[in-house]
Amino acid sequence: MRLPWPRSWTLRRLTPALTVVVATALLLAGLAMAIFNEQQVRAQKLREVSVQAEILAGSVAGALAFDDHNAAREYAGALRANHDVEAVGVYDATGRLAAGYALPGSQLPQTNKVGPPVFDGAHLTVTVPVAQGSTQLGSAYLRTLTEPLPRRIARYAGVGLLILMAALLVAVFGVSNTSLAEAHRKLQIEMVERARAEEALRRSQQAEAMAQIAIATERGKQSEQQLELALRAGRLGSWALDLESGRLTASEFVRANFGLQPGEPFDSESDLVARVHPGDRQRRQRELDSAIAQRTDLESEYRTLTPDGETRWILVRGRATYREDGAPIRMTGVSLDITARKNADERRRLLLDELNHRVKNTLATVQSIALQTGRTADAASFEQAFLARIAALARAHDLLTEVAWEGASLREVIARTLAPYVAEGQTDRIALSGPDVRLSPNAAVSLTMAFHELATNAGKYGSLSAVGGRVDVRWKVDGPGDATAVEIDWRESGGPPVVRPARRGFGSRLVEKSLAREFDGQVELIFAPEGVWCHMRLPLSRKMQLAA
Amino acid sequence: MSEALTGVRLLLVEDEAMVAMMVEDLLADMGCVVVDVAGTLSRGLALASDAGLPIDGAILDVNLGGEKVYPVAEALAARGIPFIFATGYGIGGISETFSHVPALAKPYEQRALERMLTDALQGGREG
């Protein structure tokens, strides 16, 4: 707010000067009035006195003509009624005083000469000729007080008082005007200051408000960032679906969860549905409709097909909002890529299935061991043989467990199977050599059982039954292309002369026939006199592979 | 001995040597003739497709060292030879295509094997 400073300043400065000017003008006017008044009074007095003098002259003309001094005295004396008249004289033609009087304090001149009226101080002296026709008879002298001093003083005092009052009025006006102007000035200053203060306050409030907005914005940003971080950390996408228009608003993470390329449209429910696996679309719609209708939280898991052809699992959680009339407006929620969890679930399920399968297979193996052992051994040896075979099976499982049922080593299978048949400190009786061949669980079990039969035979009748006897197992990977096979040589030496068994038992059957069938390979078991020799040629397959 | 199964020529596809030996013995006890035992898918498929190999039925282990036996099943079905499955995975582990095929749960039970095999062979003959 701008104030008219110059006008205010002029007014403020002019007021005392104006007061002085007006007072001076009043004084001058008073003075002029006094002078004018004085002149008026004088002229009036002169006329009055002149008239009185003329009257006296006229009155005394006869007396003078007849030289009647008494009559002249009477006429002159008549003027005593007028207290202003101080002296009256009637003079004859020679200028000699004929009659007259003078109040105490005044003197009558002895001779008189006609002349112009004379003002001296407060006195007026008028001389007029006394004539009859053209005859000069003498003269009349009249001396009066023009105005008594007190009256004059009173008169001037009145004027002075008027002027004083006027001046006072002017002064009071001026002072009041000045103080008014001062007050006005102060008011103006105050207004300006107040305006400035208000402006400052407004600015500071604005600044504070802006600061608070900034803080709030910052907080908002922080919480937004925190939300963003949380969403990012949780790989959570956030979305909102307008249930009336079908318009979809999805965050970057939703798009990422759906494996969308930048710029790929994802703005409507139909865009979304197009990405849902056809097999899951109906279920998704059912779950969505149900959540809206029953006013429950939506929780839906479905597969999506990314533009790359990848299948992902998405978990969607949401909640609908409704108008007062109950119509659903929108549904907002989050989405999460749960492919990893689903895969883990799937792996767990597969593992459980696999475990179940292996347990069942193991039980089938145990069944088989029991049956075979029972058929080929007599009652006395059944228990020992059965327990030994079960123990071998258990060792195979130990080994498989150690390698998490993946890729048991051929060397380990053979070494562990032979270990119980060699005393400690005599491990040099056994020599194993060959490349690192890895076995599937089934292959590991079958080979364990086969080598167990060979080792048992060696321990009972073969090289490991005599001091100094030994077993050498060598294997190599050999053969061209598809026919690549592992050739395993089991050679016993240093044992007693080998006697060919009368009938082939479980061990022979397992090693020669069943093992060959399992691997689709060839196995020869030769009971040579110098030692048992077993040659296996087992093609490389999923069951048996050369370690990478 | 089972009269219904006496002399029936069977193909056994089983990848575990120990189990195969037992089933072979069980089948022999029932009077069946085990024509051959295949431990691998390729061997099984070769035998099943061999028109010169006279077989009346088959017992197929579903899982052959990580491979499914279904190609063998298809070859047998194409020839009209009845078969049953044996599995350690349970009935749920079998493909929908062969959900009508009887499945024997491991470990084997002789009576169940005998009954299921009898039913399958009769069904096959009737069909």
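Predicted model: local features only at pLDDT ≥ 70, side-chain atom pairs only at ≥ 80, totals over all residues.
On the surface of chain A, five residues come together as a nonpolar patch: Leu161(A), Leu164(A), Met165(A), Leu168(A) and Val172(A), with about 500 Å² of accessible area together. One of them, Leu161(A), lies in helix α3, which covers residues 149-233 of chain A. Leu161(A) has a relative accessible area of 49%, so it counts as partly exposed, given that the exposed label needs a value over 50%.

For chain A the pLDDT averages 85, and 96% of the residues reach at least 70.

Of its 548 residues, 36% are buried.

Next comes the meeting place of the two chains. Here 30 residues of chain A are in contact with 26 residues of chain B. An interface's size is often given as the accessible area lost when the parts come together. For chain B and chain A, that buried area is about 2,600 Å², with 53% of it on carbon and sulfur atoms. On the chain B side, Met18(B), Met21(B) and Tyr89(B) supply 26% of the area buried against chain A, more than any other three residues.

Charged pairs turn up here too, with six salt bridges found across the interface. One of these joins Arg517(A) to Glu24(B), whose closest N and O atoms are 3.0 Å apart. Both partners of that bridge also touch Val37(B), as do Leu12(B) and Ala20(B), leaving aside residues up to four places away in sequence. Val37(B) itself sits in strand β2 of chain B, residues 33-38. With a relative accessibility of 3%, Val37(B) counts as buried, because the cut-off for that label is under 20%. Met21(B), already named for its share of the buried area, is 16 residues from Val37(B) in sequence, and the C-alpha atoms of the two are 9.1 Å apart in space.

How values were computed
Residues numbered from 1 in each chain as written. Chains lettered and ligands numbered in written order. Heavy atoms only, no water. pLDDT = per-residue confidence, 0-100. Patch = residues over 30% accessible without salt bridge, like charges linked within 9 Å, V, L, I, M, F, W, Y side chains within 5 Å. Areas by Shrake-Rupley, 256 points an atom, 1.4 Å probe, with all protein chains shown as cover. Salt bridge = Lys/Arg side-chain N within 4 Å of Asp/Glu carboxyl O. Helix = DSSP H or I, 4+ residues; strand = E, 2+ residues; numbered from the N terminus. Buried < 20%, exposed > 50% of the residue type's maximum accessible area, 1.4 Å probe, protein only. Contact = heavy atoms within 4.5 Å. Buried area = accessible area lost by both parts, 1.4 Å probe.
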